[in-house]
Amino acid sequence: DVCSSDLVSDDLAVAMTNGCYQSLQSMNLYNQRIWSMDICAGDSEAGGDPSTGTDGVETKEVANFYATPSNNLAVGLWRGGYTGIGNCNTAIQSLSANADNISPEILTRSLGEAYFLRAHYYFILVQFFGDVPLVLQPVEPGDNLRPLRTPKAEVYKQIVSDLTNSINLLPVREQYSGTDIGRASKGSAEGMLAKVELTLGNYQRVVNLCDSVKNLGYTLNANYADNFNPSTENSRESLFEVQYEG
């Protein structure tokens, strides 16, 4: 039954793409490590119980700028980023190889999501670590498990390429409904690319992208606090949010 086969292929494509989002919710990224790194700016208390001598030591190291490569915050960010990248690489390769068995709408959207998320993970890594290994294929048995660092200019070039691909592939946010609300959209990709170009100092490109985002219908909430209210999540101001059920 061709229809049944197509449905299975679409379901697997969506499930594989969902896996690309998983690392965002992990302790190693938005569930702890990224916001914990705010202590570098002096805006937060390192915390921990000083009487133990070890509780919260990783945050104290970062807060006082003497963290080593074994620091748990640094290790967590590294692992979280590359776990997400690995899932994206697998999805991009598998989706492309099975394109004939996946409906065009799901294929296009799923590839766009995977490219967007791979760019997002690399953008996190390159901002924290500078030169990082640029891995764009799934790791196979026998592959080098310790690839050399890639100059950050090349990493940024790949980030721009992935985001450009995702802009061309992703639907606008209004095309999502039900449980698909919150997936990466064209506005997500254009907004992130604007942030990347700002980091690179390409200011006219930033202006053009921001104009494009505005033309997609994004606008500020009347109440700024709505950005942090669970009842108004994924609002008209939101370009992209990490989704949680609880």
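**View A. The buried residues of helix H8 are Val206, Leu209 and Val213.** Seen down the axis of H8, these buried residues fall within an arc of 70°, so they line one face of the helix. Part of what covers the buried residues is H7. After H8 comes glycine 217, with a positive phi near 105°.

A quick note on what you're looking at: this is a predicted model, where local features need pLDDT of at least 70 and side-chain atom pairs count only at pLDDT 80 or more, while totals for chains, interfaces and linings use all residues. Residues are numbered from 1 along each chain as its sequence is written, and side-chain values use heavy atoms, with hydrogens and water left out.

**View B. Alanine 189 sits in helix H7, residues 186–200.** Buried or exposed? Alanine 189 is buried, because its relative accessible area is 0%. Leaving aside residues up to four places away in sequence, alanine 189 touches Phe116, Leu163, Ser166, Ile167 and Leu170. (Contact means heavy atoms within 4.5 Å.)

**View C. Phenylalanine 123 meets tyrosine 156, in a structure that holds eight aromatic pairs.** The ring centres are 6.3 Å apart and the planes are at 70°, so the pair is edge-to-face. (Rings of Phe, Tyr and Trp, the last by its six-membered ring, pair if their centres lie within 6.5 Å; planes under 30 degrees apart count as stacked, over 60 as edge-to-face and the rest as tilted.) This pair links distant parts of the chain: phenylalanine 123 is in helix H5 (residues 104–129) and tyrosine 156 is in helix H6 (residues 152–169), 33 residues apart. Both phenylalanine 123 and tyrosine 156 are buried.

**View D. Tyrosine 224 and phenylalanine 228 make another edge-to-face pair, 5.5 Å centre to centre with 75° between the planes.** Tyrosine 224 is exposed, with a relative accessible area of 59%. Phenylalanine 228 is exposed too, at 59%.

**View E. Serine 235 belongs to the segment after H8.** Serine 235 is buried, since its relative accessible area is 14%. Not counting residues up to four places away in sequence, serine 235 touches Arg173, Asn221, Asn227 and Glu241.

Terms used
Helix = DSSP H or I, 4+ residues; strand = E, 2+ residues; numbered from the N terminus. Buried < 20%, exposed > 50% of the residue type's maximum accessible area, 1.4 Å probe, protein only. Arc of directions from axis to C-beta.
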